[in-house]
Amino acid sequence: MIAAHISGYLNMTAEILPAMPLPPQALDGGRLQYNAALLIDALEKADRIDAFKIIALFDVDLFTPLFTHVFGEARQNGRVAVISLYRLATPTDGMCPPSGHVLERVAKIALHELGHLLNLLHCADPHCLMHFSDTPDRLDRTPLNFCRYCRRSLHRSLAAWS
Ligand SMILES: [Zn+2]
Ligand SMILES: [Zn+2]
């Protein structure tokens with residue numbers, strides 16, 4: 001689903017890599033969550049991965065020093081982004097969201113984090129994928145689309161890389 005969105009929206013080739021074991025050093029024993037920055041470090045050092053940009057999916061809960069949990073995390077212009085499915089499927093109104101809904105959330109986060117990997121910053125436009133979302137509700141209100149400014153920046157960034 002994510003690979004299809006990346007190919008469709010950004011006209012990039014997206015390849016699905018084999019699964020890897022969770023880096024144990026990224027687990028915070030006190031919080032029982034994984035440190036997103038340490039996961040990114042571990043993946044950046046995994047030299048057997050040969051790819052322009054990498055989006056790694058996790059089913060464990062992720063945190064950063066600034067946020068109690070994150071849906072996704074990427075360094076500006078970095079090579080690796082991490083995404084957690086952990087909170088995307090949790091019920092918000094007492095009912096579990098259908099899987100298609102969860103996948104749409106995942107696709108939005110993937111495109112948002114890929115935007116950061118392509119050096120895009122957060123966008124003030126609430127109707128843009130680069131707008132910051134910290135709750136599933138807010139994510140649901142964001143359409144699956146970049147505003148025209150972010151779209152232009154994306155294409156400029158991609159053109160510079162190719
Ligand atoms: Zn962001
Ligand atoms: Zn935007």
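The legends below describe close-up views of one predicted model.

Residues are numbered from 1 along each chain as its sequence is written, while chains are lettered from A and ligands numbered from 1 in the order in which they are written. In this predicted model, local features need pLDDT of at least 70 and side-chain atom pairs count only at pLDDT 80 or more, whereas totals for chains, interfaces and linings use all residues, and side-chain values use heavy atoms, with hydrogens and water left out.

**View 1. Confidence along the protein.** The mean pLDDT (the predictor's confidence in each residue, from 0 to 100) is 91 for the protein, with 98% of its residues at 70 or more. Among the helices and strands (DSSP runs numbered from the N terminus, helices being H or I with at least four residues and strands E with at least two), confidence is lowest in helix H1, residues 2-10, at a mean of 88, and highest in strand E2, residues 33-35, at 97.

View 2. An α-helix has 3.6 residues a turn, so residues three or four places apart point the same way. Both His112 and His116 are buried, where buried means under 20% relative accessible area, exposed over 50% and partly exposed in between (1.4 Å probe, protein chains only). H3 covers residues 99-117, and its 19 residues reach 27 Å from first C-alpha to last, close to the 27 Å expected at 1.5 Å a residue, the expected span being 1.5 Å times one less than the number of residues. Because 14 of its 19 residues are buried, H3 is largely enclosed by the rest of the structure.

**View 3. The largest pocket.** This pocket (an open set of points on a 1 Å grid over the protein atoms alone, where a 1.4 Å probe fits, with protein on both sides within 12 Å along at least five of seven lines) has a volume of about 1100 Å³, a volume being the space filled by probe spheres set on the points, which are joined across faces, edges and corners. Its lining (residues with an atom within 4 Å of a point) comprises 34 residues, and the closest to the pocket centre are Glu15, Leu17, Ile54, Ile55 and Ala56. Strand E3 gives the largest share, five residues. By class the lining has 28 nonpolar, one polar and five charged residues, with Ala, Val, Leu, Ile, Met, Phe, Trp, Tyr, Cys and Pro counted as nonpolar, Asp, Glu, Lys and Arg as charged, and the others, Gly among them, as polar.

**View 4. The second largest pocket.** The volume here is about 450 Å³. Of its 25 lining residues, the closest to the centre are Gly72, His112, Glu113, Phe132 and Ser133. Helix H3 supplies the largest share of this lining, five residues, and the classes are ten nonpolar, eleven polar and four charged.

**View 5. Two loop residues with positive phi.** Asn11, in the loop between H1 and strand E1, has a phi near 55 degrees, and is exposed at 71% relative accessibility. Leu32, in the loop between E1 and E2, also has a positive phi, near 55 degrees, and is exposed with a relative accessible area of 65%.
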